[in-house]
Amino acid sequence: MRAVEALGEATQSAGPLDNKTRALVKLAIAVGALQEGAVHSHTRRALQAKCTADELRHVGVLAITTIGFPSTMAAMSWVEDILRM
């Protein structure tokens, strides 16, 4: 587990993206992979990084032409799970 945490820390600081942008990218990856738990987790992390609900929903809009409408709607329902809390 320590090795995975160290890898995560190393990847976060490996490039020029700011925290908010990294959070949106990580959410987009989770949406594209259709991983419900990861979408929930990265939605929470994006909110902690000061992303707005509109920004999180924009990730979904961008996903439509890549993963299709039904898959995007499923992923966005997972984002909304967290936004409703």
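## Surface and burial

Of its 85 residues, 27% count as buried, meaning under 20% relative accessible area.

A word on the source: this is a predicted model, in which local features need pLDDT of at least 70 and side-chain atom pairs count only at pLDDT 80 or more, while totals for chains, interfaces and linings use all residues. Residues are numbered from 1 along each chain as its sequence is written, and side-chain values use heavy atoms, with hydrogens and water left out.

## Overall fold

The protein chain has 5 helices and 0 strands (DSSP runs: H or I of at least four residues for helices, E of at least two for strands). The radius of gyration, taken over C-alpha atoms, is 13 Å, close to the 12 Å of the globule rule (2.2 Å times the number of residues to the power 0.38), so the protein chain is as compact as a globular protein of 85 residues. Its C-alpha trace spans about 35 × 25 × 20 Å along the principal axes.

## The largest pocket

Now to the largest pocket, which holds about 280 Å³ of space. Helix 1 (2–12), helix 2 (19–33) and helix 3 (36–48) each supply at least two residues of its lining, with helix 2 giving the largest share, 4 residues. The lining divides into 2 nonpolar, 6 polar and 3 charged residues; among the lining residues are Asn 19, Arg 22, Lys 26, His 42 and Arg 45.

For the terms, a pocket is an open set of points on a 1 Å grid where a 1.4 Å probe fits, with protein on both sides within 12 Å along at least five of seven lines, and lining residues have an atom within 4 Å of a point. The volume is the space filled by probe spheres set on the points, which are joined across faces, edges and corners. Ala, Val, Leu, Ile, Met, Phe, Trp, Tyr, Cys and Pro count as nonpolar, Asp, Glu, Lys and Arg as charged, and the others as polar.

Methods. Buried < 20%, exposed > 50% of the residue type's maximum accessible area, 1.4 Å probe, protein only.
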